Amino acid sequence: MTKGYAAATPGGKLELIEYDPGPLGDHQVDIKVEYCGMCHSDLHMIDNAWGMSMYPLVAGHEIIGIVEAVGKHVNGLVAGQRVGVGWNNGSCNSCEWCMTGNHNLCPSAIPTVLADMAVLQIG
């Protein structure tokens with residue numbers, strides 16, 4: 001089981017929850033979160049100010065942690081490695097922006113605040 005602080009409803013108080021993230025996907029990384037920043041965009045997500053939040057919502061998208069496990073198609077990361085995760089959780093890795101190292105401009109970028117909770121493990 002994985003633990004996280006989540007809002008159950010728009011504007012809800014963050015409360016400790018446990019959930020089963022299910023099996024790790026081939027392109028996913030399980031990160032044991034050691035530190036996590038909260039910024040105003042997290043408050044917008046908790047309050048559903050942008051109309052796209054899904055609950056329960058584990059807020060926080062600026063993460064430092066340790067890789068616990070990697071999916072079979074993940075390259076360049078290994079268990080035990082310290083990593084950081086920013087605003088974007090993923091990108092296509094094939095568009096002109098990704099190919100020039102500008103993953104933050106990828107039109108298919110996946111914001112961390114919308115990523116599946118299964119990707120993150122709160123320590």
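**Figure 1. N48 in the loop between α1 and β4.** N48 lies in the loop that runs between helix α1 and strand β4, where helices (H or I, at least four residues) and strands (E, at least two) are DSSP runs, numbered from the N terminus. This is a predicted model, in which local features need pLDDT of at least 70 and side-chain atom pairs count only at pLDDT 80 or more, while totals for chains, interfaces and linings use all residues. Residues are numbered from 1 along each chain as its sequence is written, and side-chain values use heavy atoms, with hydrogens and water left out. The phi angle of N48 is near 60°, a positive value in a residue other than glycine. Most residues other than glycine have a negative phi. With a relative accessible area of 26%, N48 counts as partly exposed, because this class lies between buried, which is under 20% relative accessible area, and exposed, which is over 50% (1.4 Å probe, protein chains only). When residues up to four places away in sequence are not counted, N48 touches P10, S53 and Y55, a contact being heavy atoms within 4.5 Å. The C-alpha atom of N48 is separated by 8.8 Å from that of T9, although the two residues are 39 apart along the chain.

**Figure 2. The cis peptide bond between Y55 and P56.** The peptide bond that joins Y55 and P56 is cis, with omega at about 5°. Most peptide bonds are trans. P56 is placed in the loop between α1 (40-47) and β4 (57-58), which is also the loop that holds N48, and Y55 is one of the residues that N48 touches.

**Figure 3. N93, another residue with a positive phi.** Although N93 is not a glycine, its phi is positive, at about 65°. N93 is found in the loop between β7 (88-90) and α2 (96-99).

**Figure 4. S41, a buried residue of helix α1.** S41 belongs to helix α1, and it counts as buried because its relative accessibility is 12%. Apart from residues up to four places away in sequence, the residues that S41 touches are W50, H61 and W87.

**Figure 5. The largest nonpolar core.** Eight residues, V29, I31, V33, I63, V67, V74, V83 and V85, make up the largest nonpolar core, the term standing for a set of buried Ala, Val, Leu, Ile, Met, Phe, Trp, Tyr and Cys residues joined through side-chain atoms within 4.5 Å. The elements that give two or more residues to this core are β3 (29-37), β5 (62-70) and β6 (82-85), and β3 gives the most, with three residues. Apart from this core lies another one, of five residues, which include A7, M45, L57 and A59. V85, a member of the largest core, is in contact with I31, H61, E62, I63 and T112 when its neighbours within four places in sequence are left aside.

**Figure 6. G84 in strand β6 and A69 in strand β5.** G84 has its place in strand β6, and with a relative accessible area of 55% it is exposed. Its contacts, not counting residues up to four places away in sequence, are I63 and I64. G84 and I31 are 53 residues apart in sequence and, from C-alpha to C-alpha, 9.3 Å apart in space. A69 is placed in strand β5 and is partly exposed, its relative accessible area being 29%. Leaving aside neighbours within four places in sequence, A69 is in contact with L24, V29 and D30. The C-alpha atoms of A69 and I17, residues that are 52 apart along the chain, are separated by 22 Å.

**Figure 7. The setting of these views in the whole protein.** The protein has two helices and nine strands, and from the N terminus on its elements run β-β-β-α-β-β-β-β-α-β-β. Its radius of gyration is 15 Å, close to the 14 Å that the globule rule gives for 123 residues, so the protein is as compact as a globular protein of that length; the radius is taken over C-alpha atoms, and the rule is 2.2 Å times the number of residues to the power 0.38. Along the principal axes, the C-alpha atoms fill a box of roughly 40 × 30 × 20 Å. Buried residues make up 32% of the 123 residues. Among contacts between residues at least 6 apart in sequence, 55% join residues at least 24 apart.
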